[in-house]
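Look over the sequence and the structure before reading on.

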Amino acid sequence: MTKLFIKIALFLAGTFAFSFSAEEIAGKENYEKLKKDGKIQVNRFNDESKHLELVSDTEVSRKVFGEWENLDLTALTGENLYLLPKNGTSIEDVSVILRSVSRLQGTEYYSNRRKRTEVLYENAYCIKSESDRTKVDDFTEGNADGQVQYCLLDDHSLGKTNYRISYTQTENEVAASFTNVSSVSYGPVRAVAKENLVIGVVFIDCGDEYLVYMAMKADFFSLGFLEEKIKKSLLSRLDAIYGCFMKQVGEFK
């Protein structure tokens, strides 16, 4: 009887472990800021602490971003926290969106240099492997947990870069972690070496809304007058990618 009770208790604990509101997870102060502004942003440069300020204490967030403590990428750390209405979608729907790499094609961003909105990714699609750019279909079937895809993002400013995307999914959270597996160029300059740029995103189901956390860490060559441009260019990708995901959540069918 005792063993049966323990099994039932563990099942219920797993079922309701993350049945928390966005306010409970983000904290009252951050939640109020999110309701007012829609986003909280923290950027740090040449930061040796490896600390992430805005990441939530949830199962998937700990698993994905806890591993970042082992990354020696200190030149740039960017964190964005968002609050997004669910619009009738589920974590399963978001899982499909995060794996639909081809939908990133045509994503727009604001160019700080040209002071106008431009297309960020002229081409975006999954590829056969880390080094083989043969185009393959997005794989969106089943649960994303443990899945890995490779993709090519043809960036307006940063050129063509191959990424490894690793996915983590539970009943109430889904995350994607991008790591560059080819160098990143800024114009004619190879600015970021292989595996020196990571971008992570996690969606947390909070009832009527998602708490969305995005972060980026990078190391890049010291390029004098180009350094500030590279920082702004990289950080602008967080809002651009989130904007694409946000639009898809709003339009998902």
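Asp219 is buried but forms no salt bridge, and the nearest side chain of opposite charge, that of Lys217, is 7.9 Å away. A salt bridge needs a side-chain nitrogen of Lys or Arg within 4 Å of a carboxyl oxygen of Asp or Glu. The model is a predicted one.

Where does Asp219 lie? Its place is the loop between E13 and H6. What does the side chain of Asp219 reach? At 2.8 Å it reaches the backbone nitrogen of Ala75. Apart from neighbours within four places in sequence, the residues in contact with Asp219 are Asp72, Leu73, Thr74, Ala75, Val192 and Asn196.

**Salt bridges**

Across the whole structure, a search finds 13 salt bridges.

| Asp155 | Arg237 | 2.5 Å |

Asp239 has a relative accessible area of 31%, so it counts as partly exposed. Lys39, with 26%, is also partly exposed.

The bridge between Asp155 and Arg237 likewise links distant parts of the chain, with Asp155 in strand E7 (residues 148-155) and Arg237 in helix H6, 82 residues apart. Are these two residues buried or exposed? Both Asp155 and Arg237 are buried.

Glu29 and Lys33 both lie in helix H3, four residues apart, or about one turn of the helix. An α-helix has 3.6 residues a turn, so residues three or four places apart point the same way. Glu29 counts as exposed because its relative accessibility is 55%. Lys33 has a relative accessibility of 37% and therefore counts as partly exposed.

**Helix H3**

Which residues of helix H3 (residues 28-37) are buried? They are Asn30, Tyr31 and Leu34. Viewed down the axis of H3, these buried residues fall within an arc of 100°, so they line one face of the helix. On the other side of H3, the exposed residues are Lys28, Glu29, Lys35, Lys36 and Asp37. The buried residues of H3 are covered by parts that include helix H2 (22-26), E1, E2 and E13. Just after H3 comes Gly38, which takes a positive phi of about 85°.

**Strand E2 and its partners**

Strands E1, E2 and E13 are among the elements that cover H3's buried residues, and E2 pairs with E1 and is joined to E13. Strand E2 (residues 76-85) is mostly covered, as nine of its ten residues are buried. With strand E1 (residues 39-45), E2 pairs in the antiparallel sense over seven bridges. In this pairing, Ile40 stands opposite Leu81 in E2. How many bridges join E2 to strand E13 (residues 209-218)? There are ten, and these two strands also run antiparallel. Here Glu79 stands opposite Ala215 in E13.

Terms used
Residues are numbered from 1 along each chain as its sequence is written. This is a predicted model: local features need pLDDT of at least 70, side-chain atom pairs count only at pLDDT 80 or more; totals for chains, interfaces and linings use all residues. Side-chain values use heavy atoms; hydrogens and water are left out. Buried means under 20% relative accessible area, exposed over 50%, partly exposed in between (1.4 Å probe, protein chains only). Two strands pair if DSSP finds at least two bridges between them. The arc is that of the directions from the helix axis to the C-beta atoms. Contact means heavy atoms within 4.5 Å. Lys and Arg count as positive and Asp and Glu as negative; His and the chain ends are not counted. A polar contact is a pair of N or O atoms within 3.5 Å; within protein, one must be able to donate a hydrogen and the other to accept it, and residues adjacent in sequence count only if both atoms are side-chain atoms.
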